[in-house]
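Let's walk through this model together, starting with its charged pairs and ending at its ligand.

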Amino acid sequence: MNEIKNALTDYAELHTGGESRVLAELREHCYAHYEDSSMLSGFFQGRVLSMLSHMVRPDVVLEIGTYLGYSALCFAEGLADDGKVITIDIQEDTNKVARSFVERSEFAKQIELHLGFATEIIPTLPETFDLVFIDADKPNYSNYYNLVFDKVRPGGFIIADNVLWSGKVLEADQDDNTIALHEFNQMVQADNRVSNVLLPIRDGLMVMSKN
Ligand SMILES: C[S@@+](CC[C@H](N)C(=O)[O-])C[C@H]1O[C@@H](n2cnc3c(N)ncnc32)[C@H](O)[C@@H]1O
């Protein structure tokens, strides 16, 4: 079963449009220099995020969890003219790398990098968001959802990454991150202010549209 799944994943990647040179270099840089390279969205999910952004054509994207800037650059590809991606992270060292790749990209003027705790920065942002990507510390997923909700325009989207947590959401004995993600999934499922679909892509993407 796993062999078929892996072969189909390879087939899907082979029949998915390519990424920019900057994104390919960023991915290679990450795999060569970072032990926690699985944090980066990666090629296939990156193409999905870029496609979703092209479909929404957002004026403003908020991303919670920049890491090396890979997903921010993917979202930037679909921005409306003069649109922007605001991205937040607490890690100074990875943020410097993200900034250097953003500056080399064609989106240098459209990506705003903020350094600090997302729970402190989000309330200070005056913008209304067309699309929010939640991809930072798992225990705060529900807090991030509640913090951004009123700042998302009606008809706007919230996407949360890693909601399957390598399948651990199915296990009986769950650690704190798994419990937080399972509670987040249940909260979204019960929230009639959104329409939601959990896409089993990579580690699970919860895609929500605000009614
Ligand atoms: C999974 S990585 C983000 C990956 C990135 N979105 C991508 O797909 O390429 C998670 C990031 O969240 C950041 N983070 C963790 N806790 C945070 C917090 N409280 N506020 C802001 N960022 C946080 C980490 O420093 C890390 O860089």
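A quick word on burial: a residue is buried under 20% relative accessible area, exposed over 50%, and partly exposed in between, using a 1.4 Å probe and the protein chains only. By that rule glutamate 19 counts as buried, because its relative accessibility is 17%. Before going on, keep in mind that this is a predicted model, where local features need pLDDT of at least 70, side-chain atom pairs count only at pLDDT 80 or more, and totals for chains, interfaces and linings use all residues. Residues are numbered from 1 along each chain as its sequence is written, and side-chain values use heavy atoms, with hydrogens and water left out.

Now to the charged pairs. A salt bridge here is a side-chain nitrogen of Lys or Arg within 4 Å of a carboxyl oxygen of Asp or Glu, and the structure has 10 of them. One joins glutamate 19 to arginine 27, with N and O 2.5 Å apart. Another links aspartate 130 and arginine 153, whose closest N and O atoms are 2.7 Å apart. Aspartate 130 sits in strand E4 (residues 129-134) and arginine 153 in strand E5 (residues 152-161), so this pair ties together parts that are 23 residues apart in sequence. (Strands are DSSP runs of at least two residues, numbered from the N terminus.) Aspartate 130 is buried at 9% relative accessible area, while arginine 153 is partly exposed at 28%. Then there's aspartate 135 with lysine 138, at 3.7 Å between the closest N and O atoms; both of these residues are buried. Shared partners also join Arg21, Glu25 and Arg104 into one salt-bridge network.

A polar atom of the aspartate 203 side chain does lie 3.3 Å from the backbone nitrogen of tryptophan 165.

Finally, the ligand. Ligand nitrogen atoms lie 3.1 Å from a polar backbone atom of alanine 118 and 3.2 Å from a side-chain N or O atom of aspartate 137.

Note on methods:
Polar contact = N/O pair within 3.5 Å; in protein donor to acceptor, adjacent residues only side chain to side chain. Helix = DSSP H or I, 4+ residues; strand = E, 2+ residues; numbered from the N terminus.
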